[in-house]
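Reader: Could we go through this model together? I would like to begin with the helices and then turn to the loops.

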Amino acid sequence: MNPTNSPWLHQLERTRPVDTLKDDIAVDIAIVGAGIAGVMTSYFILRDTKKQVLLIEGGRVAHGATGHNAGQIVSDFEREFYSLVEEYGLSLAADAENSVRGAWILLEQIFAEAKLSTPMSSFMGYNGFTHVDRIVDELKNNALRLEAGIQISPIYISDTAPGLDEIPKDYKNLYNLVPHADILSLLETHDVQYIAVISEKKGCVNSAMLVEEIVGYLLATYKDRFMLCEETHIHEVTLERDLALLKAKEHSVTADKVILCTNGFEKFSINNNAGADIDVKFHHMVRGKIGYMAGLLEELKHPPVALSFYDQTAEDVESVVDPYDQKPYIYMTRRPYELEKNEKHNLVCVGGPDVSLDDTGQYIKEAEYSKEAIAEIEGFLHKTYQNSPKGDIDFRFKWHGLMGYTPTSIRVVGEEPKNRVLMYNLGCNGVGILTSIYGGKRISEIVGGTKLAPSLFDPRAVYKGSKTLSRKKRIHRLVAQKL
Ligand SMILES: Cc1cc2nc3c(=O)[nH]c(=O)nc-3n(C[C@H](O)[C@H](O)[C@H](O)COP(=O)(O)OP(=O)(O)OC[C@H]3O[C@@H](n4cnc5c(N)ncnc54)[C@H](O)[C@@H]3O)c2cc1C
């Protein structure tokens, strides 16, 4: 089977010819990377400013992480809220969470403005937990959210869960005790080790189809201000005081601003001729993880659902200094899926197994699928999903994608402090559909001249965070060596 057999790319119906960069060109704004981040950034800049935009993609639109994800719409971070509060303070952490939640509204606006027809569903989804001490972390998150005035998601705990008396009394109004059978029913599982659930708004979308449809809309709507070049890899970005020069194989682009929406810092160099060196180390600190996913077809008889399964103890989360090293959780979605025209099924997708890479440049799109990953996914379905087929599972789709992790596990959105000609909306970090959309809106506001309050998405915050993290990591190693 083709290792890049993603259900999202399978559904793309593309008639648009590929346009490459055929000449040297000068534009207001050059955006590199046409995944969801680059396309949403283009959308908001075109909608909210008068600037011209050139969107440049090394391969094809939406064929990066955007075409290889789980397509689960969720406003989560890959970090606990309390850890964001510890690092950045309550106010910045709360602003960040509210901003990403607000991206649901931005997405709905885009659907209405561009009259999109890509199927999207939203519903209540559930996160399941196996250990009471781990759910105490979630209660701690919710206590802080309440302090910041943020709406919280309900938490249900089985009334027979072991360790209930370990829950601090202060949290007693932050959860409800329910029969264990209700927990299992919400999670659609017969795996009795799951003893608690958080319910939150989630959704499903084929983000590749969404992005492809938006590109079509932008090309039709902004004929005189929007250009797209695919199969045009940028290998060098040179920054001057008030412009950038981007070099592709045969031609180059001059732009007032360049916005990197490249997921990680893949295969290109940056020279800053108008200030200090852009921190090469920082760029190398976007680390890669290959995420493995598989999908099977079911009869179209159950409603859409999005579930996550955290078989973790508090120790698994708290003992890890760097969120990048955390024990993975398993995520599952079920949604109606048209395999071929009018051939409707439910598609059940499962992801979670991953492999770390030293450098995002080591990722090979065509690499073989991992045997361990498929065994883990099959084992999970047998053990956990109540409607799982018995025996060997016939996976219709198996695919993998690259996740670029920033040092803080937070998307980087904003101007490079050493030269503001360069901007970023990047760092996939495992969960990135809504943050990419929020990032696109924030970038368009900066381009439009709005003075924004500091945010933990600022590149400056990531530079600072990466130093804190490496100091913490060194201390952690020293402690570990002494033990
Ligand atoms: C297995 C997996 C599961 C995931 N599940 C979810 C999920 O359920 N929910 C969720 O919210 N998020 C999920 N994510 C994360 C989400 O998919 C990403 O955060 C999001 O798609 C990132 O979009 P992007 O545009 O930043 O990156 P990408 O989609 O990777 O786009 C970057 C583009 O930049 C191009 N590019 C890079 N360098 C250059 C260059 N030098 N010149 C030209 N072009 C260049 C690449 O070709 C690529 O097309 C998942 C990711 C993976 C891998």
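**Helices and loops**

Author: Helix 2 is largely enclosed by the rest of the structure, because eleven of its 13 residues are buried. A residue is buried if 20 or more other C-beta atoms lie within 10 Å of its own, exposed if 12 or fewer, and partly exposed in between, with C-beta atoms placed from the backbone. Helices (H or I, at least four residues) and strands (E, at least two) are DSSP runs, numbered from the N terminus.

Reader: What kind of model is this, and how are residues numbered?

Author: This is a predicted model, in which local features need pLDDT of at least 70 and side-chain atom pairs count only at pLDDT 80 or more, while totals for chains, interfaces and linings use all residues. Residues are numbered from 1 along each chain as its sequence is written.

Reader: What is the mean pLDDT?

Author: The mean for the protein chain is 90, and 91% of its residues reach 70 or more. pLDDT is the predictor's confidence in each residue, from 0 to 100.

Reader: Where does pLDDT stay under 50?

Author: That applies to residues 474-483, for which the model has one contact beyond four places in sequence. Two residues are in contact if their C-beta atoms, placed from the backbone, lie within 7 Å. Where pLDDT is low, the predicted coordinates should not be read in detail.

Reader: Back to helix 2: which residues are buried?

Author: Among them are Ile 36, Met 40, Tyr 43, Phe 44 and Leu 46.

Reader: At what angle do the axes of helix 4 and helix 11 cross?

Author: The axes of helix 4 (residues 90-113) and helix 11 (residues 433-447) cross at roughly 85 degrees and come within 8 Å. Helix 4 is therefore roughly perpendicular to helix 11, a term for angles of 65 to 115 degrees. Axes are lines fitted to C-alpha atoms, for helices over the stretch in contact, and angles run from 0 to 180 degrees between N-to-C directions.

Reader: Now the loops. Where is Asn 263, and is it buried or exposed?

Author: Asn 263 sits in the loop between strand 11 (252-260) and strand 12 (269-272). Asn 263 is buried because 28 other C-beta atoms lie within 10 Å. Although not a glycine, Asn 263 has a positive phi of about 75 degrees.

Reader: And what about Glu 188?

Author: Glu 188 has a positive phi of about 50 degrees and is not a glycine either. With 18 other C-beta atoms within 10 Å, Glu 188 is partly exposed.

Conventions
Parallel < 35°, antiparallel > 145°, perpendicular 65-115°, else oblique.
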